[in-house]
Amino acid sequence: MPSPVVVFIGAPASGKSKIAKRVAALLDVPRIDTDKVVVAEHGPIADIFDNSGEATFRAYERAAVQDALQQRAIVSLGGGAVLDPDTQKDLTTVPVVLLTVSDEAVASRISDPKRPLLRDGIEAWKKLVAARMPIYTELAWNTFDTSAGDLDAIAEDIVSWISSGTPRQGVSS
């Protein structure tokens, strides 16, 4: 069964979608963004949260993750996808990259109203990241910071790591 080339995880606004797009282009493989899959099938994430609740969104998200993890592609997961224990289990057998970002760098990225869990701003983001970081670091084979620097250069660094056989680097929290 095919499996992902690499899966990107990390906090909301850490650059998962943007980096995945660049890495997929460099490797000439398809890209799957599970948040975009959910939106295409069920409508805007904020609307799902508002009208049906987070549990419904997480069920849609889990289905999108299950499908994506069966594809030979670059996969980017929504920030909270790793909260599902079955997703955590699924990610133990595929290369996982954690993208991190500093509080200062993310402040300008989280003003998007499409991010329902971040409507309360940077303090909500910090709390969310603190709660999820142990899961992120447990799952990650390697980590790359997107706080500063050129995203193309970061993508090239990730491609170099993938080309080296995706050795598990360990991640410090």
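This is a predicted model: local features need pLDDT of at least 70, side-chain atom pairs count only at pLDDT 80 or more; totals for chains, interfaces and linings use all residues.
Within H4, the buried residues are Phe57, Arg58, Glu61, Arg62, Ala64, Val65 and Ala68. These residues lie on the same side of H4, because they cover an arc of only 170 degrees around the axis. An α-helix has 3.6 residues a turn, so residues three or four places apart point the same way.

Arginine 62 is one of the residues of H4 and deserves a separate look. Its relative accessible area is 13%, and since buried means under 20%, arginine 62 counts as buried. Leaving aside residues up to four places away in sequence, arginine 62 touches Asp84, Asp86, Thr87 and Asp90.

The packing of helices comes next. Two packed helices are described by the angle between their axes and the distance between the axes. For H2 and H4, the axes come within 9 Å and cross at roughly 120 degrees. The two helices, H2 and H4, are therefore oblique to each other. The crossing in which H2 passes H4 is right-handed. On the side of H2, the contact is made by Thr34, Asp35, Val37, Val38 and His42, and on the side of H4 by Phe57, Tyr60, Glu61, Ala64, Val65 and Ala68. Among these H4 residues, Phe57, Glu61, Ala64, Val65 and Ala68 are buried.

A second pair is formed by helix H1 (residues 16-27) and helix H8 (residues 151-163), whose axes come within 9 Å and cross at roughly 55 degrees. This angle makes H1 oblique to H8. The crossing of H1 and H8 is right-handed. From H1, the residues Lys18, Ile19, Arg22, Val23, Leu26 and Leu27 take part, and they meet Leu151, Asp152, Ile154, Ala155, Glu156, Ile158, Val159 and Ile162 of H8.

With a relative accessibility of 17%, threonine 137 counts as buried. Although threonine 137 and valine 96 are 41 residues apart along the chain, their C-alpha atoms are separated by 9.9 Å.

Most residues other than glycine have a negative phi, and most peptide bonds are trans. Alanine 13, a residue other than glycine, has a positive phi, near 70 degrees. It is placed in the loop between strand E1 (6-10) and H1. Aspartate 28 is not a glycine either, yet its phi is positive at about 55 degrees. The loop that holds aspartate 28 runs between H1 and E2.

Are these two residues buried or exposed? Alanine 13 has a relative accessible area of 8% and is buried, whereas aspartate 28, at 69% relative accessibility, counts as exposed.

Conventions
Residues are numbered from 1 along each chain as its sequence is written. Side-chain values use heavy atoms; hydrogens and water are left out. Buried means under 20% relative accessible area, exposed over 50%, partly exposed in between (1.4 Å probe, protein chains only). Helices (H or I, at least four residues) and strands (E, at least two) are DSSP runs, numbered from the N terminus. The arc is that of the directions from the helix axis to the C-beta atoms. Axes are lines fitted to C-alpha atoms, for helices over the stretch in contact, and angles run from 0 to 180 degrees between N-to-C directions. Angles under 35 degrees count as roughly parallel, over 145 as roughly antiparallel, 65 to 115 as roughly perpendicular and the rest as oblique. A crossing is left-handed if the near helix is turned anticlockwise from the far one by less than a right angle, and right-handed if clockwise. Contact means heavy atoms within 4.5 Å.
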